[in-house]
Amino acid sequence: MERDHSKISMAVIRRLPKYRRYLEELLNNDIHRISSNELSKMTGFTASQIRQDLNNFGGFGQQGYGYNVEALYEEIGKILGLDREYETVIVGAGNLGQAIVNYTNFEKSGFKMRAMFDVNPKLIGLKIRDIEIKDADELETFVRENNIDIGIICTTKEQAQIVADQLVRGNIRGIWNFAPADLQVPEHVMLENVHLSESLFTLSYLLKSQSEDEER
């Protein structure tokens with residue numbers, strides 16, 4: 001009987017990429033078996049938490065043996081949808097957009113960068129890693145005609161919703177948003193926001209709290 005993954009909490013889902021990253025490190029170090037206790041020491045999550053998380057998707061470990069690192073790495077990849085390819089575009093060819101397109105690990109994981117888009121006429125026609133920067137006016141048509149799955153928004157706050165609307169009209173399936181804006185998209189479009197400033201401000205809070213503790 002197939003498990004219903006739709007009821008699994010986002011907290012569990014957000015831990016899976018971290019597990020996979022550590023498993024990849026183990027494989028790179030030629031380690032092929034690990035216990036939940038050993039994985040706990042690496043990840044910072046309790047062994048019980050790890051077992052509970054993985055049990056949501058089936059039984060991967062064996063009592064007295066632990067986990068087969070390669071098998072678990074591949075299974076988590078499948079759970080995360082990394083056993084397929086995603087056609088991707090980036091909107092906004094500034095520093096952040098260029099940094100993302102130059103990060104080759106995305107390509108290795110199946111996220112195929114098809115094009116970049118920008119409003120700056122000085123950038124249009126240029127190529128970064130053989131990926132052409134196109135006129136933003138072409139975005140909607142390009143997304144529709146090339147069956148693009150994911151749109152990555154690296155624009156200003158003011159332009160982000162306009163871009164999101166264009167992507168939606170082009171039948172995009174998912175949006176990865178780096179703009180400091182809370183976007184409105186239809187329910188069928190998956191939206192993941194990455195607010196860099198919020199993460200930095202959280203770090204600022206932690207540093208402030210640490211300083212206050214030291215002063216006491």
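Author: Rings of Phe, Tyr and Trp (its six-membered ring) count as a pair if their centres lie within 6.5 Å; planes under 30 degrees apart are stacked, over 60 edge-to-face, and the rest tilted. The model is predicted, so that local features need pLDDT of at least 70 and side-chain atom pairs count only at pLDDT 80 or more, while totals for chains, interfaces and linings use all residues. Residues are numbered from 1 along each chain as its sequence is written, and side-chain values use heavy atoms, with hydrogens and water left out.

Reader: Which residues do ring pairs link into a cluster?

Author: By the ring rule, the count comes to six aromatic pairs. Ring pairs also build a cluster, and its members are Tyr103, Phe106, Trp176 and Phe178.

Reader: What kind of pair do the rings of Tyr19 and Phe45 form?

Author: Helices (H or I, at least four residues) and strands (E, at least two) are DSSP runs, numbered from the N terminus. Tyr19 belongs to helix 1 (residues 10-28) and Phe45 to the loop between helix 2 (36-43) and helix 3 (47-55), 26 residues apart, so the pair links distant parts of the chain. Because the ring centres of Tyr19 and Phe45 are 5.7 Å apart and the planes stand at 85 degrees, the pair is edge-to-face.

Reader: Is Tyr19 buried or exposed?

Author: Buried means under 20% relative accessible area, exposed over 50%, and partly exposed in between (1.4 Å probe, protein chains only). Phe45, at 23% relative accessibility, counts as partly exposed. Tyr19 has 1% relative accessibility and therefore counts as buried.

Reader: What kind of pair do the rings of Tyr86 and Phe111 form?

Author: The ring centres of Tyr86 and Phe111 are 5.3 Å apart and the planes lie at 15 degrees, so the pair is stacked. Tyr86 in strand 4 and Phe111 in strand 5 (residues 111-118) are 25 residues apart, and the pair links distant parts of the chain. Tyr86 is buried at 13% relative accessibility, whereas Phe111 is partly exposed at 22%. The kind of pair is thus stacked.

Reader: Which residue lies over the face of Phe45?

Author: A charge sits over a ring if NZ of Lys or CZ of Arg is within 6 Å of the ring centre and within 35 degrees of the ring normal. Arg21 lies over the face of Tyr22, at 5.0 Å from the ring centre. Over the face of Phe45, at 5.8 Å from the ring centre, lies Arg15.

Reader: How many salt bridges does the structure hold?

Author: Side chains of opposite charge can pair when their charged atoms come close. A salt bridge is a side-chain nitrogen of Lys or Arg within 4 Å of a carboxyl oxygen of Asp or Glu. One of them joins Asp83 and Arg84, with the closest N and O atoms 3.7 Å apart. The number of salt bridges in the structure is 12.

Reader: Why are Glu75 and Lys78 separated by about one helical turn?

Author: The side chains of Glu75 and Lys78 meet in a salt bridge (3.8 Å, N to O). Glu75 is partly exposed, with a relative accessible area of 29%, and Lys78 is partly exposed, with 45%. The separation is about one helical turn because both residues lie in helix 4 (residues 69-79), at a spacing of three residues.

Reader: Is Lys134 buried or exposed?

Author: Lys134 and Glu132 meet through their side chains in a salt bridge (3.7 Å, N to O). Glu132, at 31% relative accessibility, counts as partly exposed. Lys134 has a relative accessible area of 19% and is therefore buried.
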